[in-house]
Amino acid sequence: MKNKDIFKKLNAEFDRITPEMSDKVKNEPIRVAEKETAEERVYASAGAGGGNVPVYRRPKVLIAAAAALVVLALALTCILIPLTQRRTNYMLSDSYITMTTADAGVSLQSNVKGKNNLSPRAAGGPADISFSIVSDSEGKVVKVIGGNRESEIVLAGLSASQSISGMSVDEAVNALSTATGALGYYTADRALRFSTISARGEQVATDIAANIKTEAESALAGATVVSVVSDKAALQASLGVTGEYSLEELLALAAKQEGYLEETAHHLYQSGGGALYNAYLFELLEEYIDLLEDRQEAFAELYEVYDEIKGELGWFSEEVLIDGMLNPDIDLDRGLKEDFNDALSECAETLLVPQTDDELKLLYRFYSALDFDLLEDILEKFEDTVVKISDVYEEIKTAVSGLVGEWKDMFDKIGAEWEELSGGVGASGFSDPEDYIEQMTKRFEREFEKLMGR
């Protein structure tokens, strides 16, 4: 670059960063220094001939200022030249990355979230995960969109302890991948798939795709990870819009997408008739029935170890359970003690620990009599019509009516427990979609903690 070009760029940069001069400053008269301004008269010795000869010397301040300007010009030249060679415009919706899980061999587009695609409740085991990550031109995450229920559980759990927004894309992918594996949503026979597009061009998208593949493989050791670069046509198709759009416009639309929880909340709100509250009660009921089923498993395991201990000690031996703990006076081998205490811990996680041998027998018989397959069928039957929460209650009551007479006291305790769980928030607390989103986020946080085994 020629010197005159360098100084042209330097002058242009100074013009850009210099604020506009106010009218007051513009109209202010310029004051002129008195007499000698450019030079300063100094008298010096003429040497051997004697006498003082006037000489002219530039002021030190002007010399220093001139030197400083030269240094500044050189420094800015070094800085401004590389700056002019790269894009400097900041973009909030610069890149868009989708992250999904699916059975190995399934098409990359199979898990693209469609409008109003309200995911069914997971029936256990691996689940399809769908995230959309929006990042800015500095590579920072500005938004993560959960495409289904399971994805919202991951986001709720992670957001409770850390903010994904503001992370680098690599950090976000690592956190999402790690959580997906820890919750059991990813298994070895599945594939983790990424698709990337960037407003800064294919090379930038290629670099992002390569980096997130590395991060995902690091987070899920041995995982099958596919990371590809998408294009404008695929993005537009996934958004479900027609017409002429620039890539930047499509990326802005992608960033405005609602997640599964937001879509559900607005869909229920438009249904009216207390649908938000009824849907929330339905979620709590599912959560509570899951808790009861966990109790069935925990008491069955505890009773199995109890039965083994009594078989070893004799059925007329001392009590095994005293105040909810293993009787310290009975002589057992270490393995049986550990198994029994582990089973007690499982009971504690269900919020109900038998205190005596007789109570253990009672709880074991009662929970063994409950048909949770039937209860799950009832929940599935009403899943798409959760506004009919009263009908759900009636069917459940009918399903267990044969047990109520014999186990009335136990059902009374369950009823009181359910009233305490569901009575925390009344119908008046669901006046708009945000109320539902807030309460459901708390619900998903609990689900996250449960799946993590905490």
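Modeller: Helices (H or I, at least four residues) and strands (E, at least two) are DSSP runs, numbered from the N terminus. In this chain they come to 16 helices and nine strands. This is a predicted model, where local features need pLDDT of at least 70 and side-chain atom pairs count only at pLDDT 80 or more, while totals for chains, interfaces and linings use all residues. Residues are numbered from 1 along each chain as its sequence is written, and side-chain values use heavy atoms, leaving out hydrogens and water.

Colleague: Thanks! How many bridges join strand S4 to strand S5?

Modeller: Two strands pair if DSSP finds at least two bridges between them. Here five bridges join S4 (residues 130-135) to S5 (residues 141-146), and the two run antiparallel. Phe131, for instance, has Gly146 in S5 as its bridge partner. Five residues lie between the strands of this hairpin, where Gly139 takes a positive phi near 80°.

Colleague: Is Leu351 buried or exposed?

Modeller: Buried means under 20% relative accessible area, exposed over 50%, partly exposed in between (1.4 Å probe, protein chains only). Leu351 is exposed at 66% relative accessibility, and Asp323 is exposed too, at 61%. Of the chain's 454 residues, 38% count as buried.

Colleague: What is the volume of the largest pocket?

Modeller: Rolling a probe the size of a water molecule over the atoms shows where empty space is left. A pocket is an open set of points on a 1 Å grid over the protein atoms alone where a 1.4 Å probe fits, with protein on both sides within 12 Å along at least five of seven lines; lining residues have an atom within 4 Å of a point. The largest pocket has a volume of about 720 Å³, the space filled by probe spheres set on points joined across faces, edges and corners. Its lining has 22 residues, and the closest to its centre are Leu291, Asp294, Glu349, Thr350 and Lys450.

Colleague: Which helix supplies the largest share of that lining?

Modeller: H10 does, with eight residues.

Colleague: And why does the pocket lie between domain 2 and domain 3?

Modeller: Because domain 2 (276-372) and domain 3 (375-451) both give residues to the lining; the bounds come from an automatic or database domain assignment.
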